[in-house]
Amino acid sequence: MISISIKRNFKKEIMSYSVIGHANASEYGKDIVCASISVLAQTAILSLHELLGIDVVYKMEDGYLHCNIPSLTDDLRQKADLILEAMVIGMKGTEESYKQYISLVEEEV
């Protein structure tokens, strides 16, 4: 199962997110559930860096990704929020279709 944790501050801004585990919905290399969550999580990091110039702190290994969002100016934070919320929308949509393989939890820190 893939466990997704989204941590938000009191303003509901995403401060960090983690994706842990494998869906095991299909054989390795053909698992569309794992692939979709991986693409969403990694594209958010790449977009924050490539489009907004944010140096995102992250760690990625097989079956594990953790990303911390640094402190940002208000303008940059608004733009980053669009990317991050789009990621969450995609993850929730995937979870809705594949509930037996994904657990997504959001919490305020």
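User: Is E61 buried, partly exposed or exposed?

Analyst: This is a predicted model, in which local features need pLDDT of at least 70 and side-chain atom pairs count only at pLDDT 80 or more, while totals for chains, interfaces and linings use all residues. Residues are numbered from 1 along each chain as its sequence is written, and side-chain values use heavy atoms, with hydrogens and water left out. Buried means under 20% relative accessible area, exposed over 50%, and partly exposed in between (1.4 Å probe, protein chains only). E61, with a relative accessible area of 46%, is partly exposed.

User: Which side chain meets that of E61 in a salt bridge?

Analyst: Side chains of opposite charge can pair when their charged atoms come close. A salt bridge is a side-chain nitrogen of Lys or Arg within 4 Å of a carboxyl oxygen of Asp or Glu. Here E61 pairs with K59 at 3.4 Å, N to O, and K59 is likewise partly exposed at 46%.

User: How many salt bridges does the whole structure hold?

Analyst: A search finds nine. Among them, K79 and D75 pair with their closest N and O atoms 3.3 Å apart, and R8, E85, K92 and E106 are linked in a network.

User: Is L104 buried or exposed, by its relative accessible area?

Analyst: L104 is buried, at 14%. Contact means heavy atoms within 4.5 Å, and, leaving aside neighbours within four places in sequence, L104 is in contact with I4, I6, M91, K92 and E95.
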